[in-house]
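Reader: I would like to learn how to read a few features of a model. Please take them one at a time.

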Amino acid sequence: MADVMAGLRHAGAFAERAIADSRATMPADLFEATMALYEQGRIEPRLIDGEYGWGLVDQGGKNG
């Protein structure tokens with residue numbers, strides 16, 4: 001159970017970092033559209049070439 005909780009905390013911190021990075025670098029309308037897709041569960045934060053980004057949930061890949 002402790003391992004599961006640690007994994008959830010890590011995933012939450014990763015998502016928070018991706019959201020903060022997106023807010024700082026995206027135009028406001030693109031950020032809002034990205035957050036809408038994230039809240040719908042259609043995209044998830046990804047680490048792409050060492051930078052935070054977003055990818056489709058069903059595609060798999062390197063997640064935080």
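This is a predicted model: local features need pLDDT of at least 70, side-chain atom pairs count only at pLDDT 80 or more; totals for chains, interfaces and linings use all residues.

Reader: In which strand is Glu44 found, and with which side chain does the side chain of Glu44 make a polar contact?

Author: Glu44 belongs to strand E1. The Glu44 side chain is in polar contact with the side chain of Arg46, at 2.9 Å.

Reader: What should I expect of side chains along a strand?

Author: In a regular strand they alternate between the two faces of the sheet.

Reader: In which sense do E1 and E2 pair, and over how many bridges?

Author: E1, residues 43–48, pairs with E2 in the antiparallel sense, over 6 bridges. Opposite Glu51 in E2 stands Ile48. The hairpin of E1 and E2 has 2 residues between the strands, and Asp49 there takes a positive phi near 50 degrees.

Reader: How many aromatic pairs are there?

Author: Ring pairs are judged by the distance between centres, within 6.5 Å, and then by the angle of the planes. The count is 2 aromatic pairs. One of them is Phe14 with Tyr52: the ring centres are 5.1 Å apart and the planes stand at 55 degrees, so this pair is tilted. Phe14 is in helix H1 (residues 2–25) and Tyr52 in strand E2 (residues 51–56), so the pair ties together parts 38 residues apart in sequence.

Reader: Is Phe14 buried or exposed?

Author: Phe14 is buried, at a relative accessible area of 10%. Tyr52, at 25% relative accessibility, counts as partly exposed.

Technical notes:
Residues are numbered from 1 along each chain as its sequence is written. Side-chain values use heavy atoms; hydrogens and water are left out. Rings of Phe, Tyr and Trp (its six-membered ring) pair if their centres lie within 6.5 Å; planes under 30 degrees apart count as stacked, over 60 as edge-to-face and the rest as tilted. Helices (H or I, at least four residues) and strands (E, at least two) are DSSP runs, numbered from the N terminus. Buried means under 20% relative accessible area, exposed over 50%, partly exposed in between (1.4 Å probe, protein chains only). Two strands pair if DSSP finds at least two bridges between them. A polar contact is a pair of N or O atoms within 3.5 Å; within protein, one must be able to donate a hydrogen and the other to accept it, and residues adjacent in sequence count only if both atoms are side-chain atoms.
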